[in-house]
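Here's a quick briefing to read with the model open beside you. Take a look at the fold first, then work through the points.

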Amino acid sequence: MNQALTRRGFLAGAASFPLAMAANAGDAALLRVVSRQIEVNGKAAKAFAIVNATGGTGHSYVFDKKFRARVVNELSEDTLLHWHGLRPPAEQDGVPMLSQPPIKPGASYDYDFINTRSGTHWMHSHLGLQKQNLLAAPLIVRETQEPMFDDLEHVVMLHDFTFQPAEQILAELKAGGGPHAHHDMANAAMGGDVTFDAYLANDRTLDDPETLGIESGMTLRLRIINASAATNMWIDLGALPGELIAVDGNAIAPVQGTMFPLAIAQRADVRVKILAPGRWPILFRAEGLAARTGIILATHGAAIEKLPVKGEVAPMIGLEFERRLRSAAVLPDEPVTRTEIVDLTGGGSDYAWGLNGKMSMMHDTVFTVREGERVAAVLRNQTGMAHPMHLHGHYFKIVALNDAKIDGALRDTVLVPAGQSVTIRFDADNPGNWAFHCHHLYHMNAGMMGAIRYSNAA
Ligand code: C2O
Ligand code: CU
């Protein structure tokens with residue numbers, strides 16, 4: 001994840017791009033799920049990682065229709081990886097209780113499917129609360145013919161971090177609060193219901209940030225993944241002009257700006273122009289909080305000075321930005337043949353969350369579709385917190401925000417702010433049983449999850 005891909009390197013060929021060559025040669029990528037030690041705020045912490053054959057994290061390859069990977073579980077507990085953003089057949093989707101059984105310690109599982117999606121994606125454990133302990137990694141699929149517009153490309157994965165075991169946080173939330181958990185609405189409206197010890201960009205805090213060498217005049221493409229368990233973030237480019245060119249791996253009509261929202265589980269491809277020599281911090285700011293993380297872009301010889309880990313309080317994320325997004329792809333304008341209402345509910349003092357008033361498990365049915373239908377789902381948030389809603393196995397188009405129709409972006413995860421509604425539309429073209437859930441890890445594990453089923457699927 002820390003190697004940058006330069007155009008020069010790309011043109012130089014295989015040496016700088018070994019994984020791509022391996023994937024194209026038809027070999028399965030090796031992905032080992034391991035335990036590791038990291039250092040956060042000067043203290044050692046235990047975390048997970050997904051390590052590839054070159055010792056880096058995650059997987060990056062050139063789109064060639066085939067996705068082949070061997071996942072090896074080197075932990076002393078079960079695990080299972082989900083390919084967030086790809087559209088595998090349902091039985092390779094990596095959701096326990098729904099698509100496949102967990103991988104036992106010491107065991108492995110081979111994935112092999114036709115991949116139809118390029119873009120910035122990621123992989124993560126879908127088992128219990130493992131994702132809070134950094135069991136996630138980038139999954140980058142490049143178009144074979146994609147012109148290299150940018151001089152440099154860099155992947156940034158964001159995490160919220162706590163020294164507290166995630167099980168303890170969930171228990172505190174369910175018990176009505178504790179040192180790391182609170183869900184009185186005043187607090188929840190300001191920065192979320194879990195208190196974190198740090199925010200990480202590529203595993204580093206702003207105290208000890210990753211520094212990326214750049215050159216003046218360069219164009220840089222950042223592929224940013226919000227792998228946080230419970231934190232919506234803002235991307236803050238500071239003084240650099242930028243444009244958002246893709247969301248959740250799907251190209252959009254570029255949007256100029258310096259601040260872009262990135263909800264839990266979403267991805268953003270941002271193109272930045274390096275105006276002049278110097279040191280240019282790219283910050284990632286937790287919504288409703290002063291806390292932030294970041295990486296530093298620096299030209300040769302630029303003085304590096306430390307930035308405080310707290311700055312101004314970042315605003316909450318609403319629907320204003322979503323309203324400005326338009327997908328680059330034009331979809332056939334066929335009529336919707338099924339409309340479903342899904343109420344996002346719960347969040348009382350017992351921290352029970354749900355869909356349509358019911359605290360659910362992943363195999364509980366939210367609604368049923370038939371292959372070939374065009375489905376609209378109206379997601380109505382009846383609670384006091386925002387929910388990043390994610391549908392597996394499909395992409396959806398944002399077609400309405402509250403009562404206003406829009407011709408919006410294509411996404412796999414959309415943030416539905418408190419008290420508001422978002423309508424998504426998708427084609428039922430991938431038979432199976434698919435997870436549909438809030439991607440806030442604690443909301444999901446407290447009942448805001450379920451499955452969308454095909455009535456004509458096994
Ligand atoms: Cu990113 Cu159901 O997951
Ligand atoms: Cu939620």
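The notes below cover a copper site, an open sheet, a strand pair and a loop residue.

This is a predicted model, so local features need pLDDT of at least 70 and side-chain atom pairs count only at pLDDT 80 or more, while totals for chains, interfaces and linings use all residues. Residues are numbered from 1 along each chain as its sequence is written, chains are lettered from A and ligands numbered from 1 in the order in which they are written, and side-chain values use heavy atoms, with hydrogens and water left out.

**Copper site**

- His-387 (ND1), Cys-438 (SG) and His-443 (ND1) coordinate the copper ion (ligand 2) at 2.0 to 2.1 Å.
- Donors here are N, O and S atoms within 2.8 Å of the metal (3.2 Å for Na, K and Ca), and water is not among the atoms, so sites may look incomplete.
- Along the sequence, the donor residues of the copper ion (ligand 2) follow the spacing H-x50-C-x4-H.
- Distant parts of the chain get linked this way: His-387 sits in strand β25 (residues 387-391) and Cys-438 in strand β31 (residues 433-438), 51 residues apart.
- Strands are DSSP runs of E with at least two residues, numbered from the N terminus.
- His-387 and Cys-438 are both buried, meaning under 20% relative accessible area with a 1.4 Å probe and protein chains only (exposed is over 50%, partly exposed in between).

**Open sheet**

- Four strands make up an open sheet in the order β4-β9-β8-β6, with mixed pairing.
- β4 (59-62) and β6 (81-84) are at the edges with a single partner strand each, so one side of each has no neighbour in the sheet.
- From one strand to the next, the twist averages 20°, taken between N-to-C directions of lines fitted to C-alpha atoms, on a scale from 0 to 180 degrees.
- β6 pairs with strand β8 (residues 119-125) in the antiparallel sense, over four bridges; to count as paired, two strands need at least two DSSP bridges between them.
- Leu-81 lies opposite Ser-125 in β8.

**β10 and β11**

- Strand β10 (residues 152-161) and β11 run antiparallel, joined by four bridges.
- Across this pair, Phe-161 is opposite Ala-198 in β11.
- Strand β11 (residues 198-201) is covered on both faces, with Ala-198 and Leu-200 buried on one side and Tyr-199 and Ala-201 buried on the other.

**Glu-143**

- You'll find Glu-143 in the loop between β9 (136-142) and β10.
- Glu-143 is partly exposed, at 36% relative accessible area.
- Leaving aside residues up to four places away in sequence, Glu-143 touches Val-62, Phe-63 and Ser-118, where contact means heavy atoms within 4.5 Å.
- Glu-143 and Gly-119 are 24 residues apart in sequence, and their C-alpha atoms are 7.8 Å apart.
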